[in-house]
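This briefing covers the secondary structure, packing and aromatic pairs of one protein model. Please read it with the structure open.

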Amino acid sequence: MAELKTKETDDSITYFLNAFTNSEQKRKESLELIALMRQVTGFEPKMWGPSIIGFGHYHYKYESGHEGDMPLV
């Protein structure tokens, strides 16, 4: 079975934001959205794979035996 690319990592969210945002306004709005999501979910943001900022996590398992972890939000 192929390995999932979407895994929780210790990569820097700030580094990710700085790499893809080309303006100070986008960075500011991204940080505001992350703060809002942190407040609403009660979870700290984490990078999932190279390009997903997730909050919380859950484990899933299908009857077929396939299983993995994903961000809750």
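The points below are grouped by topic, after a note on the model.

This is a predicted model, in which local features need pLDDT of at least 70 and side-chain atom pairs count only at pLDDT 80 or more, while totals for chains, interfaces and linings use all residues. Residues are numbered from 1 along each chain as its sequence is written, and side-chain values use heavy atoms, with hydrogens and water left out. Helices (H or I, at least four residues) and strands (E, at least two) are DSSP runs, numbered from the N terminus.

**The three-stranded sheet**

- An open sheet of three strands runs in the order β1-β2-β3, with antiparallel pairing; two strands pair if DSSP finds at least two bridges between them.
- β1 (8–9) and β3 are the edge strands, each pairing on one side only.
- Four bridges join β2 and β3 in the antiparallel sense.
- Within this pairing, Trp-48 has Ile-52 in β3 as its bridge partner, and Lys-46 has Gly-54 in β3.
- Three residues lie between β2 and β3 in their hairpin, and Gly-49 in the turn has a positive phi of about 65°.

**Helices on the sheet**

- β2 and β3 pair in the antiparallel sense, and α1 packs on the sheet, touching both β2 and β3 (contact means heavy atoms within 4.5 Å).
- The direction of α1 makes about 65° with that of β2; axes are lines fitted to C-alpha atoms, for helices over the stretch in contact, and angles run from 0 to 180 degrees between N-to-C directions.
- α2 also packs on the sheet and touches β2 and β3, its direction making about 25° with that of β3.

- Ile-13, Phe-16 and Leu-17 are buried in helix α1 (residues 13–20); buried means under 20% relative accessible area, exposed over 50%, and partly exposed in between (1.4 Å probe, protein chains only).
- These residues are on the same side of α1 because they cover an arc of only 95° around the axis, the arc being that of the directions from the helix axis to the C-beta atoms.
- The buried residues of α1 pack against α2 (24–41), β2 (45–48) and β3 (52–55).
- Tyr-15 and Ala-19 are exposed on the other side of α1.
- Where α1 starts, a side-chain oxygen of Ser-12 comes to within 3.3 Å of the backbone nitrogen of Thr-14.

- β4 (residues 58–61) and β5 (residues 67–70) pair over four bridges in the antiparallel sense.
- Gly-68 in β5 is the residue opposite Tyr-60.
- The hairpin has five residues between its strands, and Gly-65 takes a positive phi near 100°.

**Aromatic pairs**

- There are two aromatic pairs in the structure; rings of Phe, Tyr and Trp (its six-membered ring) pair if their centres lie within 6.5 Å, and planes under 30 degrees apart count as stacked, over 60 as edge-to-face and the rest as tilted.
- Tyr-58 and Tyr-60 form a tilted pair, 6.4 Å centre to centre with 50° between the planes.
- Tyr-60 and Tyr-62 form a tilted pair as well, 5.4 Å centre to centre with 50° between the planes.
- Tyr-58 is partly exposed, at a relative accessible area of 37%, whereas Tyr-60 counts as buried at 15% relative accessibility.

Methods. A polar contact is a pair of N or O atoms within 3.5 Å; within protein, one must be able to donate a hydrogen and the other to accept it, and residues adjacent in sequence count only if both atoms are side-chain atoms.
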